[in-house]
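My entries follow in the order in which I made them.

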Amino acid sequence: MSEREFGHAIMAHRKFLMTFARSRLGRSREDAEDLAQFVMLKAWEHRAVFRPGSNMKAWLFTILRNGHFSQLRRLGVHNPISTAVPAWIWVTETTARSIG
């Protein structure tokens with residue numbers, strides 16, 4: 001996959017990332033945009049480890065989830081599952097493929 005194709009593939013999931021961040025993680029519009037931008041930047045930085053043919057949406061979702069929890073830890077939230085995120089967010093890559 002060329003860099004151009006990879007960039008287009010990431011951008012195709014931007015709306016999903018923002019919608020998920022707003023609706024499921026309780027983020028404001030601005031915070032959702034920031035988190036989506038963070039995810040796209042991390043994906044771009046680590047594009048060499050993405051396996052073409054695998055589920056990009058699941059991969060991006062994993063980056064989003066990890067970024068969200070990292071931010072909660074930095075803010076001092078010690079139990080993010082019970083305070084900020086529904087329990088079903090802890091999904092495996094296989095489960096994430098089924099929602100994609």
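Contacts. I counted contacts (heavy atoms within 4.5 Å). Of those in the protein with a separation of 6 or more, 61% are between residues 24 or more positions apart.

Source. I noted that this is a predicted model, where local features need pLDDT of at least 70, side-chain atom pairs count only at pLDDT 80 or more, and totals for chains, interfaces and linings use all residues. Residues are numbered from 1 along each chain as its sequence is written, and side-chain values use heavy atoms, with hydrogens and water left out.

Make-up. I took helices (H or I, at least four residues) and strands (E, at least two) as DSSP runs, numbered from the N terminus. I found six helices and zero strands, in the order α-α-α-α-α-α from the N terminus on. I sorted residues into buried (under 20% relative accessible area), exposed (over 50%) and partly exposed (in between), with a 1.4 Å probe and protein chains only. Of the 100 residues, 33% count as buried. For accessible areas I used the Shrake-Rupley method with a 1.4 Å probe; for residues, only the protein chains shown count as cover. The accessible surface comes to about 6,300 Å², and 53% of this belongs to carbon and sulfur atoms.

Helix 2. I listed Leu17, Met18, Phe20 and Ala21 as buried in helix 2. They lie on the same side of helix 2, because they cover an arc of only 165° around the axis. The arc is taken from the directions from the helix axis to the C-beta atoms. Exposed Lys15 and Ser23 are on the face turned away from the buried side of helix 2. Helix 3 and helix 4 are among what covers the buried residues of helix 2.

Helix 3. I checked the length of helix 3: its 17 residues reach 24 Å from the first C-alpha to the last, close to the expected 24 Å at 1.5 Å a residue. The expected span is 1.5 Å times one less than the number of residues. Its buried residues are Ala32, Leu35, Ala36, Val39, Met40 and Ala43. These cover an arc of only 135° around the axis, so they sit on the same side of helix 3. I recalled that an α-helix has 3.6 residues a turn, so residues three or four places apart point the same way. Glu30 and Asp34 are exposed on the other side of helix 3. The cover over the buried residues of helix 3 includes helix 1 (3-12), helix 2 (14-23) and helix 4.

Loop. I looked up Asn55, which lies in the loop between helix 3 (29-45) and helix 4 (56-74). Asn55 counts as buried because its relative accessibility is 18%. I searched for polar contacts (N or O atoms within 3.5 Å; within protein, one must be able to donate a hydrogen and the other to accept it, and residues adjacent in sequence count only if both atoms are side-chain atoms). A polar atom of the Asn55 side chain lies 3.0 Å from the backbone nitrogen of Lys57. The side chain of Asn55 also reaches the backbone nitrogen of Ala58, at 3.1 Å.

Rings. I paired rings of Phe, Tyr and Trp (its six-membered ring) with centres within 6.5 Å; planes under 30 degrees apart are stacked, over 60 edge-to-face and the rest tilted. The count is six aromatic pairs. Phe6 and Trp59 form an edge-to-face pair, 6.1 Å centre to centre with 70° between the planes. Phe6 lies in helix 1 and Trp59 in helix 4, so this pair ties together parts 53 residues apart in sequence. Phe50 and Trp59 form a tilted pair, at 5.0 Å and 45°. I logged Phe6 as buried at 4% relative accessibility, and Phe50 as buried at 8% relative accessible area. Phe6, Trp44, Phe50 and Trp59 form one aromatic cluster.
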